[in-house]
Amino acid sequence: MQFYSDGYRPGDPDVRPAAPGRENGHGPLPAEVDVLIVGTGPAGVVLAAQLAAFPGITTRVVERRGGPLAKGQADGVACRTVEMFEAFGLADKLVREAYWVNETTFWGPTGTGNGIERTGRVQDVADGLSEYPHVIVNQARMQDYLLEYMRNSPTRLEPDYGLEAADVVVGTDGEYPVTVTLRRTEGPDAGEEVEVRAKYVVGCDGARSAVRKSLGIELRGDARNHAWGVMDVLAVTDFPDIRMKSAIQSASGGSILIIPREGGYLVRLYVDLGDLDPADREARSRFTADSIIEAARKILDPYTLEVKDIAWWSVYEVGQRVADRFDDVAPQERGSRSPRVFIAGDACHTHSAKAGQGMNVSMQDGFNLGWKLGAVLQGRSPDSLLDTYSGERQEIAQKLIDFDLLWSTAMAAKPKDPANPEAGGMDAAERQAIFTQGGRFTAGFATEYPQNLITGAGTYQRLATGFPVGERFHSAPVIRLADAKPLELGHQAQADGRWRLYAFADAAAPTDPDSRLAGLCRFLAEDSASPLLRYTPAGSDSDAVFDVRAVYQQGHRDISVADLPALLLPRKAPYGLIDYERVFTPNRRAADIFDARGIDRSAGALVVVRPDQYVAHVLPLDGYQDLVDFFAGILLEARD
């Protein structure tokens, strides 16, 4: 973490100086905004947290509730989401508070059919997938972290509670072409409508999204007419795996998914309540907390369950649906104009909770869109950049739907009867195999963006095989040269909208002026075609658009800071202070990053990483023209 570049000040460095005019908060809701976010669900708060860092962008968030979410709803946090939280400086706080899912156990009917027995256990996250664990913490706390981040940002952004979207109309003229009618939901003015005009609107307002409906976009898919009860409880039980994530299949066919919660005592139960009559629209509403508990007791038999307190409970029907598109551009208009309105999270994909991906995929929706809106509104990128959101995220949502269907079907399947195999069903071993095969998905690493405007081809993938193009940048341990500090390379990237250029050195000596790395540094610092020179605004720090970092092959005691190219010791802020945190060496006590990530030691490699932490390109260190060509379609020439 770096601070004091613009002068010393006492206090908490996480509370960044307020932007001019924001010292006392962000004020009343204006009539015109750059971005209006509707809803403070997972997608909405991640998106708002990114945009809160840009004082030049007027962002506002409205929420129909009277205040922040307090309890309940999602709780599973994939490894990939923890990596994303590190970009906001929140990962340490998250993992300290959370329950860690280390192993998952599987239970099925005993051989005699009387009760249940453990049939297997697996490591929840395979070795090497991430430096972070799969954790459990309730959605309200996840959102609290991000809301605090927003309050501490230069814009002092906070949601405007008690407002819901009633209508969204996309016009064609003016600087603020989208008109949103908002309705007050509580207080003496409940029912009153106010109008806000926006450059862009993002609907993060849930499965019944008013924003989506205003655009005429439908969720397509099927209801499964199968009910599950979910409750967070404090309970006394003799079930031995109550502090393990456990998938339980009873002889009667009912199932439970047990998710231990943070704090050491709370536990979440997903309880199979059976099929519903599709003609009975009130069937779900007749379930009670007591009926869910009773169903759980039957499934756990012969183990006992005594519920002492219920923190939250609900009943939902399994169903998988995804929207036709994630923005306001109809298929026949695609390519003729760029989107102005977007939908994210449950507004565009709904599914069961048991795959543990709803909150995670929703947050990644917001993380994908946030930096793109920031780049366009700051004049760094053309608005065609926004076309990539729907294309990238809809495909990921469909993969989620497909996986959720597979896993929720496995969870609800009746036990296979060995005496009557033709009757169907699924045994515990099959269920465990499905879970294991989906490990990359549940960890959050199934996302692979195809080649498009912001993701290149894998032409030079051989130079860095451990950084697949289109997948998230997989961190690895390194040593920072200037102070010998061991850290994770990927953890140095912040959610600040900048592109990352990681230059992995070739085999030449660090002092060799003819090395490929030295040549790349000269090109970036001096050549008129350099993306750094073309796209960095005049008067800005040299790293305002591109965060350039280098990793040498030698040990940290074999290189001197005095030997580094000037590009890797940039001068920053009003005092021209030197940034010493751009150069790294392998941490051989952990794993040499060149070996761990398959870097070509002879030629080296340049790994280009998007602002949302996904690998955009792998290039030779001397592939200058390829680098120039790649960014020519993404960034706009800097304006004085």
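Colleague: What covers the buried residues of helix 1?
Modeller: The cover includes strand 1 (32-38), strand 2 (59-63), helix 2 (79-87), helix 4 (139-151), strand 11 (193-203) and helix 7 (358-377). This is a predicted model, where local features need pLDDT of at least 70 and side-chain atom pairs count only at pLDDT 80 or more, while totals for chains, interfaces and linings use all residues. Residues are numbered from 1 along each chain as its sequence is written, and side-chain values use heavy atoms, leaving out hydrogens and water. Helices (H or I, at least four residues) and strands (E, at least two) are DSSP runs, numbered from the N terminus.

Colleague: How many residues of helix 1 are buried?
Modeller: Buried means under 20% relative accessible area (1.4 Å probe, protein chains only). In helix 1 (residues 42-51), 10 of the 10 residues are buried, so this helix is largely enclosed by the rest of the structure.

Colleague: At what angle do the axes of helix 1 and helix 4 cross?
Modeller: Two packed helices are described by the angle and the distance between their axes. Axes are lines fitted to C-alpha atoms, for helices over the stretch in contact (heavy atoms within 4.5 Å), and angles run from 0 to 180 degrees between N-to-C directions. Here the axes come within 9 Å and cross at roughly 20 degrees. That makes helix 1 roughly parallel (under 35 degrees) to helix 4. Among the residues making this contact are Pro 42 and Val 45 of helix 1, and Gln 139 and Leu 146 of helix 4.

Colleague: Which way do strand 10 and strand 11 run?
Modeller: Strands pair if DSSP finds at least two bridges between them. Strand 10 and strand 11 run antiparallel, joined by 6 bridges, and Thr 179 has Arg 197 in strand 11 as its bridge partner.

Methods. Buried < 20%, exposed > 50% of the residue type's maximum accessible area, 1.4 Å probe, protein only. Parallel < 35°, antiparallel > 145°, perpendicular 65-115°, else oblique.
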